[in-house]
Number of protein chains: 4
Amino acid sequence: MKLNRKLRMGMVGGGRGAFIGAVHRMAARLDGEIDLVAGCFSSDPAKSKASGEDFFLDPSRVYASYAEMAKREAALPADQRIDFVSIVTRNNTHYAVAKAFLEAGIHVVCDKPLCFTLAEGRKLQALVKKSGLVFALTHNYTGYPMVKEAREWVRGGRLGRLLKIVVEYPQGYAITALEQQGDGAISNWRMDPSVSGASNCMGDIGTHAHNLARYITGLEIDEICAELSTFIPGRPLDDDGNCLIRFAGGARGILYASQISSGEENNLNIRVFGTKGSLQWFQENPNELIWKKADAPQEVHRRGNNYLSAAAQGAARTPFAHPEGFIEAFANVYRAAATAIADQVAGRKAPKAGYDYPTVDDGVAGLAFIESVVKSSKKGAKWVKFPKMKV
Amino acid sequence: MKLNRKLRMGMVGGGRGAFIGAVHRMAARLDGEIDLVAGCFSSDPAKSKASGEDFFLDPSRVYASYAEMAKREAALPADQRIDFVSIVTRNNTHYAVAKAFLEAGIHVVCDKPLCFTLAEGRKLQALVKKSGLVFALTHNYTGYPMVKEAREWVRGGRLGRLLKIVVEYPQGYAITALEQQGDGAISNWRMDPSVSGASNCMGDIGTHAHNLARYITGLEIDEICAELSTFIPGRPLDDDGNCLIRFAGGARGILYASQISSGEENNLNIRVFGTKGSLQWFQENPNELIWKKADAPQEVHRRGNNYLSAAAQGAARTPFAHPEGFIEAFANVYRAAATAIADQVAGRKAPKAGYDYPTVDDGVAGLAFIESVVKSSKKGAKWVKFPKMKV
Amino acid sequence: MKLNRKLRMGMVGGGRGAFIGAVHRMAARLDGEIDLVAGCFSSDPAKSKASGEDFFLDPSRVYASYAEMAKREAALPADQRIDFVSIVTRNNTHYAVAKAFLEAGIHVVCDKPLCFTLAEGRKLQALVKKSGLVFALTHNYTGYPMVKEAREWVRGGRLGRLLKIVVEYPQGYAITALEQQGDGAISNWRMDPSVSGASNCMGDIGTHAHNLARYITGLEIDEICAELSTFIPGRPLDDDGNCLIRFAGGARGILYASQISSGEENNLNIRVFGTKGSLQWFQENPNELIWKKADAPQEVHRRGNNYLSAAAQGAARTPFAHPEGFIEAFANVYRAAATAIADQVAGRKAPKAGYDYPTVDDGVAGLAFIESVVKSSKKGAKWVKFPKMKV
Amino acid sequence: MKLNRKLRMGMVGGGRGAFIGAVHRMAARLDGEIDLVAGCFSSDPAKSKASGEDFFLDPSRVYASYAEMAKREAALPADQRIDFVSIVTRNNTHYAVAKAFLEAGIHVVCDKPLCFTLAEGRKLQALVKKSGLVFALTHNYTGYPMVKEAREWVRGGRLGRLLKIVVEYPQGYAITALEQQGDGAISNWRMDPSVSGASNCMGDIGTHAHNLARYITGLEIDEICAELSTFIPGRPLDDDGNCLIRFAGGARGILYASQISSGEENNLNIRVFGTKGSLQWFQENPNELIWKKADAPQEVHRRGNNYLSAAAQGAARTPFAHPEGFIEAFANVYRAAATAIADQVAGRKAPKAGYDYPTVDDGVAGLAFIESVVKSSKKGAKWVKFPKMKV
């Protein structure tokens with residue numbers, strides 16, 4: 001950043017018991033430059049109020065609805081009102097909430113996926129452009145230092161021409177739900193199309209895999225062939241999916257996301273193969289980035305070392321082998337967004353190189369991914385053209 | 001086995017400098033129950049002769065052509081002639097060589113792929129059935145003890161209903177060839193369609209991946225969608241390929257084989273996910289088999305332990321953590337084939353459970369795999385029906 | 001905790017550029033229940049002031065000396081003054097600073113080692129007892145959830161009778177310093193006996209290894225044989241050391257700490273062997289705890305799973321395979337200390353099971369360790385009796 | 001080698017059911033240049049005869065005693081008698097058997113430890129020198145290609161000046177025996193001092209650890225401090241031991257061997273730290289050698305690659321990532337010994353660089369190690385001077 005004060009943050013969603021809201025708060029707090037000062041933590045006003053007490057907030061800044069919050073915060077004096085809002089509600093509400101705050105002139109950090117449909121996403125994209133405000137999407141896995149290092153390798157030509165990308169996101173938790181709750185159980189709201197959208201597994205975690213590949217390689221998808229499956233009978237949405245990908249420029253890819261891969265925890269990983277060498281990164285071992293090349297020893301590059309790029313070094317908070325994890329990576333998204341917000345607050349220009357946080361454009365690409373894989377799968381896993389992204 | 005003598009082996013191909021011929025000889029020799037006594041090691045008679053000297057053979061048993069060898073060996077007295085022949089020539093000759101020895105009443109061990117086309121394979125299949133002789137195909141990766149353990153797990157229901165299979169075979173050596181020899185270089189005969197067949201990468205190593213998945217899961221492919229690539233311009237055949245698979249019974253799969261995955265060495269691996277748990281096996285770390293299950297610690301099962309199945313224990317030669325590798329796994333194919341041959345020699349019936357070596361039927365399935373992926377890919381990666389296997 | 005407000009924290013040391021001070025602040029901040037409100041961040045008043053601005057503090061709460069800070073904070077009204085102070089200065093000042101705040105009635109969190117000599121440590125121990133205040137020592141490695149799981153295993157008898165403990169703490173950074181700065185360079189103040197104490201390597205990281213073994217096993221050392229080395233000529237203190245240990249009760253141990261193990265980063269690890277099984281934990285891969293037992297598959301227990309003990313589950317902030325690291329472990333020490341402090345603030349009794357943070361007694365044991373290894377080494381690596389710990 | 005025939009091997013010990021005898025035969029057989037033609041496989045003549053039948057030997061070459069065997073083989077015509085004998089009996093008989101064959105002019109391959117006492121070993125050393133015959137000791141772990149690579153690194157100065165060596169050999173099988181057989185059970189003859197010698201654990205596996213460190217580093221021990229333990233009550237010999245080592249030249253070391261490290265299988269491993277970098281090798285993952293260096297990515301060097309030394313490449317039989325294991329490493333000892341024997345048979349001079357197999361001198365060093373650790377331990381783990389080795 002630097003301001004002579006902390007940024008003031010509000011939150012919509014994320015009340016007692018919500019996993020991702022707690023993560024957002026820890027991520028925002030970690031660097032000591034952001035204070036949570038207001039929120040509407042639940043659509044249930046009592047729960048919202050109780051959550052506000054948990055967070056030691058002034059009761060007058062805990063709201064019963066996001067609409068009221070946007071309106072009343074905007075009306076506060078400049079030295080009191082929130083600088084930005086974090087939206088951590090369910091997918092189907094992101095659009096309306098974001099719209100309310102953008103129209104109130106308040107910057108936004110929003111959980112992914114961006115919103116409910118690609119059409120809705122494009123509207124939000126237009127709103128953001130028009131507003132000139134910061135809109136950061138928490139595709140948090142791009143916050144890991146060694147993911148940034150991977151991107152630097154690709155950008156710097158270390159891999160040569162890219163040939164093949166394999167990205168996987170296997171989880172197994174939706175198998176457990178089955179065993180505990182009987183066949184066809186819906187493990188949570190993610191399986192409800194009216195809340196979650198056109199896809200469960202691909203929308204929830206497939207988009208992370210897509211975003212990770214896109215962030216590291218800079219490649220857009222040209223055509224995709226996807227087969228979504230619902231392995232547990234009775235579920236209205238997919239719990240697994242496999243895709244073949246043709247990237248613009250000729251590289252080929254495999255993308256696999258699953259929530260029924262029994263015993264897998266959160267095993268997002270990517271391998272990128274080029275003419276000069278290849279890289280591998282595993283989210284469950286995030287402090288390492290592996291380099292392989294024909295006729296040379298394998299190399300294990302590790303977070304916190306001086307031999308890394310400035311991008312990777314700048315994203316680390318501790319020295320080598322003092323492991324960093326999920327929260328720190330998430331906090332890097334917040335730090336980059338906060339820097340952008342502080343620059344606006346201070347009336348500073350954006351740096352030439354821009355900021356390193358996922359944007360509304362990345363969110364639109366994610367929605368295009370969801371719509372494309374659903375469309376391909378419904379046709380029996382035929383190849384479909386990927387919508388053009390104008391970034 | 002047991003006979004009161006060693007089995008007598010002949011070899012076609014595998015002269016000086018040939019990699020796979022040397023592996024076959026080490027594998028055959030390891031248990032001290034097979035003697036190499038005859039051969040036609042090259043289509044070049046001088047090279048065949050020199051190779052015979054390398055192996056300390058009686059010069060009268062070193063032949064200038066496989067046809068001569070089959071004829072003259074068959075004419076030798078029963079206590080001298082070879083019990084079986086190992087065929088380690090290039091793909092396009094397997095059929096003719098195997099036919100010659102089968103018709104001479106001699107058992108066959110043959111390198112993979114079985115032969116040149118599916119049609120040829122079906123003819124060979126008929127010949128073998130008619131002859132009643134042993135025909136073993138060296139899909140050697142199924143010889144690893146922990147692969148046998150994996151099969152036992154599936155058979156015994158440990159994984160529950162199978163949902164998903166991911167099998168990969170990345171190599172990178174064909175990237176190197178490129179760098180050393182200039183664009184479009186053909187790294188070896190495998191890139192020559194008149195020798196190698198309709199596919200290079202899928203024929204050479206994709207078939208191993210297919211065979212491994214089939215051996216462990218027992219599942220046949222119902223439909224397949226494959227995209228083969230030739231990333232190095234000028235090559236007449238594929239150097240990479242990605243497939244989506246629909247298995248009979250509803251499981252879904254991904255199969256990926258590549259020879260341009262820079263820095264990968266011989267990284268065949270498989271993951272099988274079922275409703276009750278999942279397994280993982282990596283050929284580069286072959287003495288371990290990983291078990292994962294929701295809500296339970298991961299388990300690493302290791303070769304040579306008493307807690308393993310009889311199949312896995314019987315396939316080991318050393319105690320736990322005295323690592324076994326590629327040659328020992330290869331030798332297990334030879335040991336199983338030799339047992340079958342010895343039973344025939346001794347006039348014993350086959351055991352009820354049969355023998356555990358890859359057969360001509362497995363070879364036909366492999367050729368069906370090659371033809372299917374080539375067909376799918378030529379259509380633009382459309383789904384094609386897999387030929388019916390009658391086993 | 002729970003209070004209806006955040007705890008107020010002060011800090012001594014940890015100004016601009018200090019590594020461990022920044023870690024303490026992140027750790028304190030992570031759970032949103034502690035606010036930094038005052039400090040004396042440097043013995044240089046200008047630097048202290050500038051650091052206070054970095055942290056957005058009220059200038060009237062930024063002090064030029066720790067003595068002034070203790071005195072003036074104690075004089076503030078109860079609803080303003082700090083609840084506790086974090087001491088992150090160099091080793092030789094811990095005693096005096098801690099004494100000042102304890103005598104002012106302020107709770108203390110202190111970096112390790114406890115202080116300069118065992119005698120000084122025993123005096124501080126008496127002071128703490130007399131004061132009745134909370135004194136937490138940041139032996140942060142015991143904050144990892146899987147270290148807590150390991151302790152639960154030992155306590156619950158899972159390993160049977162303990163036979164052998166191997167604990168290692170290899171680092172390599174003091175080799176680098178050599179290469180960059182010429183022979184005999186002192187990489188930092190840790191090599192200065194007047195600041196660091198009787199030992200560099202054993203005092204800085206050997207104590208962590210000792211504390212980790214003690215925390216997990218509950219065993220005290222009976223006799224120790226230590227050989228300290230100074231491999232880089234010209235250094236006044238040890239940069240490496242090896243110890244054999246006889247634990248009370250009959251177990252045997254090896255402890256090895258080093259700062260010249262080239263290429264090692266921060267590879268603290270421990271293996272504990274009992275009659276019924278053994279455990280292994282590596283700080284560089286902290287989310288896993290390995291279980292080995294004769295005649296059974298190895299098990300990998302992973303943070304965040306339901307099958308773990310309450311102690312391990314309670315120490316986690318994210319679900320399985322959303323990796324946690326060094327800062328989160330450090331924050332667990334703060335959380336436990338804050339709970340104890342909040343209980344005192346609220347006038348609540350301590351829970352029967354006590355609190356799970358390292359205490360002044362652990363600090364005294366660490367000083368006994370340092371003095372014992374130095375004594376043994378000076379005698380030529382003879383066995384010496386370990387001082388009696390009365391806990 | 002090259003001869004125009006296979007070498008003829010005899011064996012003493014190694015009858016039905018003996019583990020190490022079977023390994024010796026597989027190792028000898030692997031390269032197709034050695035034939036087992038004679039043996040005295042057991043002190044029980046019937047068992048010896050039955051074993052000879054298992055191996056398809058001419059009954060006239062299967063003997064009832066080693067003395068008879070030495071005498072009668074020596075009396076056979078030069079084109080029939082064995083070229084060398086492999087001794088795979090228990091420790092207490094090695095000396096007498098080796099003496100008999102050396103005096104009969106027959107080369108010897110002998111299992112370790114060399115013999116029963118250091119004094120006996122020195123007599124054998126003299127006998128070998130006098131005879132001029134080949135005497136190879138199967139310290140098989142030095143046969144691994146990546147161990148040879150490690151030695152090349154040290155020799156070539158890649159590590160700089162050596163500072164520290166940590167070598168471990170944990171096994172756990174002697175814990176199991178306890179559980180199965182009750183307290184005090186002797187798991188096998190290795191626990192019998194009249195057969196095994198002055199030490200069980202250190203004699204059986206500690207010597208391997210010592211030999212491995214000596215092979216890779218070329219360093220001799222100057223002083224050693226050892227504490228042997230017998231953790232399972234009632235055992236007459238040690239089942240565990242820890243040593244501190246002062247190497248000649250100033251390096252320091254830790255050596256740890258154990259048979260009660262529950263759940264460990266055969267986890268021999270070594271780490272060598274120098275001023276310029278360090279290496280790590282684990283026998284359970286033998287195809288890799290790890291290189292670590294300050295301020296540089298870690299490197300994983302893998303067997304079979306062109307970037308390795310000639311020594312490592314020459315010791316491999318398969319391409320990279322076609323894993324090799326214990327038997328292949330063992331076979332490398334046989335191959336080197338066979339080359340030396342063939343040179344003598346053919347009347348060729350030894351190559352200038354010598355041969356790469358463990359010798360009687362290495363065996364003497366191993367006996368000195370055993371005697372030294374026993375002596376130190378009996379004195380209460382005091383430092384003792386290591387006997388001078390004259391090589």
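**Reading burial, helix faces and chain contacts**

Biologist: Take one residue to start with: is Glu53(A) buried or exposed?

Modeller: Glu53(A) is exposed, with 12 other C-beta atoms within 10 Å. The general rule is a count: a residue is buried if 20 or more other C-beta atoms lie within 10 Å of its own, exposed if 12 or fewer, and partly exposed in between, with C-beta atoms placed from the backbone. Before going on, note that this is a predicted model, in which local features need pLDDT of at least 70 and side-chain atom pairs count only at pLDDT 80 or more, while totals for chains, interfaces and linings use all residues. Residues are numbered from 1 along each chain as its sequence is written, and chains are lettered from A and ligands numbered from 1 in the order in which they are written.

Biologist: Where does Glu53(A) lie?

Modeller: In helix 2 of chain A, residues 45-54. Helices (H or I, at least four residues) and strands (E, at least two) are DSSP runs, numbered from the N terminus. Glu53(A) is 40 residues from Gly13(A) in sequence and 15 Å from Gly13(A) in space, C-alpha to C-alpha.

Biologist: Which residue shows the buried case?

Modeller: Glu227(D), in strand 7 (residues 221-229) of chain D. Glu227(D) has 23 other C-beta atoms within 10 Å, so Glu227(D) is buried.

Biologist: What is Glu227(D) in contact with, beyond its neighbours within four places in sequence?

Modeller: Two residues are in contact if their C-beta atoms, placed from the backbone, lie within 7 Å. By that rule, Glu227(D) is in contact with Leu244(C) and Arg252(C) of chain C, and with Gly241(D), Asn242(D), Ser377(D) and Ala381(D) of chain D. Trp383(D) is 156 residues from Glu227(D) in sequence and 10 Å away in space, C-alpha to C-alpha.

Biologist: How do I read the two sides of a helix?

Modeller: An α-helix has 3.6 residues a turn, so residues three or four places apart point the same way. In helix 2 (residues 45-54) of chain C, the buried residues are Ser48(C), Ser51(C) and Gly52(C). Seen down the helix axis, these fall within an arc of 105°, so they line one face of the helix; the arc is that of the directions from the helix axis to the C-beta atoms. On the other side, Ala46(C) and Glu53(C) are exposed. Strand 2 (34-40) of chain C is included in what covers the buried residues. Just after the helix, Phe56(C) takes a positive phi of about 60°.

Biologist: Which residues touch the most other members of the largest nonpolar core?

Modeller: A nonpolar core is a set of buried Ala, Val, Leu, Ile, Met, Phe, Trp, Tyr and Cys residues joined through C-beta atoms within 7 Å. The largest one has 511 residues, and Val108(A), Val108(B), Val108(C) and Val108(D) touch the most other members. Not counting residues up to four places away in sequence, those touched by Val108(A) include Phe84(A), Ile87(A), Phe101(A), Leu133(A) and Phe135(A).

Biologist: How is chain A as a whole described?

Modeller: Chain A has twelve helices and 14 strands. Of its 391 residues, 63% count as buried. The C-alpha trace of chain A spans about 65 × 50 × 40 Å along its principal axes. Among contacts in chain A between residues at least 6 apart in sequence, 71% join residues at least 24 apart.

Biologist: How are copies of a chain compared?

Modeller: Two copies of a chain are related by a rotation about an axis and a shift along it. Copies are superposed by least squares on the C-alpha atoms of residues with pLDDT of at least 70 in both. Chain A can be laid on chain B by a turn of 180° and a shift of 0.0 Å along the axis, with an RMSD of 0.0 Å. The two copies are thus related as by a two-fold rotation axis. Because 100% of the interface residues of chain A are also interface residues in chain B, the copies meet through the same surface.

Biologist: How many residues of chain A are in contact with chain B, and what gives the most?

Modeller: 36 residues of chain A are in contact with 36 residues of chain B. Strand 9 of chain A gives the most to the side that touches chain B, with four residues.
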